[in-house]
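Come along and check each entry against the picture.

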Amino acid sequence: MQVNILAGGSAELWPTDIFDQPGVWIGADRGAWRLLKAGVNFQLAVGDFDSLNPQEYQFLKEHFQQENIKQVPTVKDFTDTQLALQTAMGFDCDLIKVYGATGGRVDHLLSNLWIINEPVFQPIVEKVHFVDCQNDISYLQPGYKTIQHIPGMKYLGFMPLGLVDNLHIIDAKYTLTSAVNWPKMWSSNEFVDELVHVSFDSGIIMVTQTKDRSSDDSSSSN
């Protein structure tokens, strides 16, 4: 089973096939209003809804089941994306895709990408993907792991979210062996075949599969 979360980030960064995804949908804050406007059948709306004006929020309440709207105070200890992920944990799912969580303010972006480092999300670390039209961001826990190439993505990156012991990037274009690794983005790697294997003994690693924005932009920023 797949759970999809739509946050309130720019629609310009959505994949073109976003609403072809299988599974259930959760709208986080403005994401709920966008799901409603797009005619997508979704199960839950969560957040403080501070990004909606009064007319938009009234529209949401009038056209969506009141009992399925979980509104929280604006002053809170967690973000709307965190709340949506916590809600997704209530489903017996194998995959959680988060859309609309990239772009915009850099503090929001970093907050979203580092969410998975929080102990409460330990059970879903390897289920979560942050997805937009250029990027698929996933996470790995310790062990010997296999990464499947996503069609259309060119670059592969690895970033430890804290201290990671005995990291090995085994069969990518650029291999790596390191006894201890700290938060550092190992970017612009590539697949040689359809699979890449990595192994490490502790911590969490963020894995990025990315591509340039357009075919005219073939250069890497690094």
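**Entry: a loop residue.** I began at Thr16, which sits in the loop between strand 1 (2-6) and strand 2 (24-28). Before going on, I noted that this is a predicted model. Is Thr16 buried or exposed? I found a relative accessible area of 87%, and since exposed means over 50%, Thr16 counts as exposed. I also looked up its C-alpha distance to Met1, 15 residues away along the chain, and got 21 Å.

Entry: Ten of them form an open sheet with mixed pairing, in the order 4-3-2-1-5-6-7-14-9-12. Which strands stand at the edges? They are strand 4 (69-71) and strand 12 (186-190); each has a single partner strand, so one side of each has no neighbour in the sheet. On average, neighbouring strands here are turned by 20° against each other, direction ignored.

**Entry: strands 1 and 2.** Strand 1 and strand 2 pair in the parallel sense, with four bridges. One pair I picked out is Val3 with its bridge partner Val24 in strand 2. Helix 1 (residues 30-37) packs on the sheet here and touches strand 1, strand 2 and strand 3 (44-47). The direction of helix 1 makes about 130° with that of strand 2.

**Entry: around strand 7.** Helix 4 also packs on the sheet, where I saw it touch strand 6 (128-131), strand 7 (135-140) and strand 14 (205-210). Its direction makes about 40° with that of strand 7. How many residues of strand 7 are buried? I counted five of its six, so I wrote "mostly covered". A hairpin of three residues joins strand 6 to strand 7, and the two run antiparallel with two bridges. Phe130 has Ile137 in strand 7 as its bridge partner. On the other pairing I checked, strand 7 and strand 14 are antiparallel over six bridges, and Ser138 stands opposite Val207 in strand 14.

Entry: Last, I looked at the second largest pocket, with a volume of about 480 Å³. It is lined by 23 residues, and the closest to its centre are Gly8, Asp29, Asp80, Thr81 and His108. Helix 3 (80-88) and helix 4 (106-113) are the elements that give two or more residues to this lining. Helix 4 gives the most, with three residues. What is the lining of the second largest pocket made of? I noted three nonpolar residues, 13 polar and seven charged.

Note on methods: Residues numbered from 1 in each chain as written. Predicted model: local features only at pLDDT ≥ 70, side-chain atom pairs only at ≥ 80, totals over all residues. Heavy atoms only, no water. Buried < 20%, exposed > 50% of the residue type's maximum accessible area, 1.4 Å probe, protein only. 1 Å grid on protein atoms, 1.4 Å probe; cavity = no way out; pocket = protein on both sides within 12 Å on 5 of 7 lines; lining within 4 Å. Points joined across faces, edges and corners; volume = space filled by probe spheres on them. Nonpolar A, V, L, I, M, F, W, Y, C, P; charged D, E, K, R; others polar. Pairing = 2+ DSSP bridges. Axes fitted to C-alpha atoms, helices over the stretch in contact; angles between N-to-C directions. Contact = heavy atoms within 4.5 Å.
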